[in-house]
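Hi there,

Here is the structure I promised to pass on. Have a look at it first, and my notes follow below.

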Amino acid sequence: MAGSDVAEVSRAGQQYTFTRATDPLIGLLRKVPDIPDLAHGRPTVTQTQIHVGSPTTDDTHPHAFQCELSFFLPDGVYASSALAQLLGPVLDYRYAQR
């Protein structure tokens, strides 16, 4: 696969390549025994609204700021994955500065 079928992402110096084409993967998974019906499985992508509070001076880190994040995730969606996607660009920048 090439071009628009592939997404390349770098996180903390590690390169990841993902396919955007789902048909070949779903066809392969349907042939594997013991995988539940994909039509009724857990979704791998979800959308949510993120509310960001006003920034304030961070009590723990005097030269930094803090803000409150609030969001709702349905059952089965991991908050750590959502936060990694949200903070990915910030973390990439911080690792690049080291």
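To get oriented, in which helix does Gln85 lie? Gln85 belongs to helix H2. Helices here are DSSP runs of H or I with at least four residues, strands are runs of E with at least two, and both are numbered from the N terminus.

Before the details, a word on where the numbers come from. This is a predicted model, in which local features need pLDDT of at least 70 and side-chain atom pairs count only at pLDDT 80 or more, while totals for chains, interfaces and linings use all residues. Residues are numbered from 1 along each chain as its sequence is written, and side-chain values use heavy atoms, with hydrogens and water left out.

**Confidence**

The pLDDT is the predictor's confidence in each residue, from 0 to 100. Its mean for the protein is 76, and 74% of the residues reach 70 or more.

**Overall picture**

The protein has 2 helices and 6 strands, and along the sequence they follow the pattern β-β-α-β-β-β-β-α. Of its 98 residues, 5% are buried; buried means under 20% relative accessible area, exposed means over 50%, and partly exposed is in between (1.4 Å probe, protein chains only). Taking contact as heavy atoms within 4.5 Å, residues 24 or more positions apart account for 19% of the contacts with a separation of 6 or more. The protein exposes about 8,700 Å², and carbon and sulfur atoms supply 56% of that. Those areas come from the Shrake-Rupley method with a 1.4 Å probe, and for residues only the protein chains shown count as cover.

Strand E1 (residues 6-11) pairs with strand E2 (residues 14-19) in the antiparallel sense over 6 bridges; two strands pair if DSSP finds at least two bridges between them. Glu8 stands opposite Thr17 in E2. The hairpin has 2 residues between the strands, and Ala12 takes a positive phi near 55° there.

Asp5 sits in the segment before E1 and is partly exposed because its relative accessibility is 32%. Beyond its neighbours within four places in sequence, Asp5 is in contact with Phe18, Thr19, Arg20 and Ala21. The C-alpha atoms of Asp5 and Arg20 are separated by 4.8 Å, although the two are 15 residues apart along the chain.

**Around Asp58 and Gln66**

Asp58 is in the loop between strand E4 (56-57) and strand E5 (65-66). Is Asp58 buried or exposed? Asp58 counts as buried because its relative accessibility is 13%. Not counting residues up to four places away in sequence, Asp58 touches Ala64, Phe65 and Gln66.

Gln66 lies in strand E5 and is partly exposed, since its relative accessible area is 34%. Leaving aside neighbours within four places in sequence, Gln66 is in contact with Ser54, Pro55, Thr56, Thr57, Asp58 and Asp59. For Gln66 and Ser54, which are 12 residues apart along the chain, the C-alpha atoms are separated by 8.4 Å.

**The nonpolar patch and H2**

Ile50, Val52, Leu69, Leu86, Leu87, Val90 and Leu91 make a nonpolar surface patch of about 540 Å². Strand E3 (50-52) and helix H2 (79-96) are the elements that give two or more residues to it, and H2 gives the most, with 4 residues. Patches are made of residues with over 30% relative accessible area and no salt bridge, with like charges joined within 9 Å and nonpolar side chains (Val, Leu, Ile, Met, Phe, Trp, Tyr) within 5 Å. A salt bridge is a side-chain nitrogen of Lys or Arg within 4 Å of a carboxyl oxygen of Asp or Glu.

One of the patch residues, Leu69, is placed in strand E6 (residues 69-71). Leu69 counts as partly exposed because its relative accessibility is 33%.

Back to Gln85 in helix H2: Gln85 counts as exposed because its relative accessibility is 62%. Gln85 and Arg11 are 74 residues apart in sequence, and their C-alpha atoms are 9.9 Å apart in space.

Best wishes
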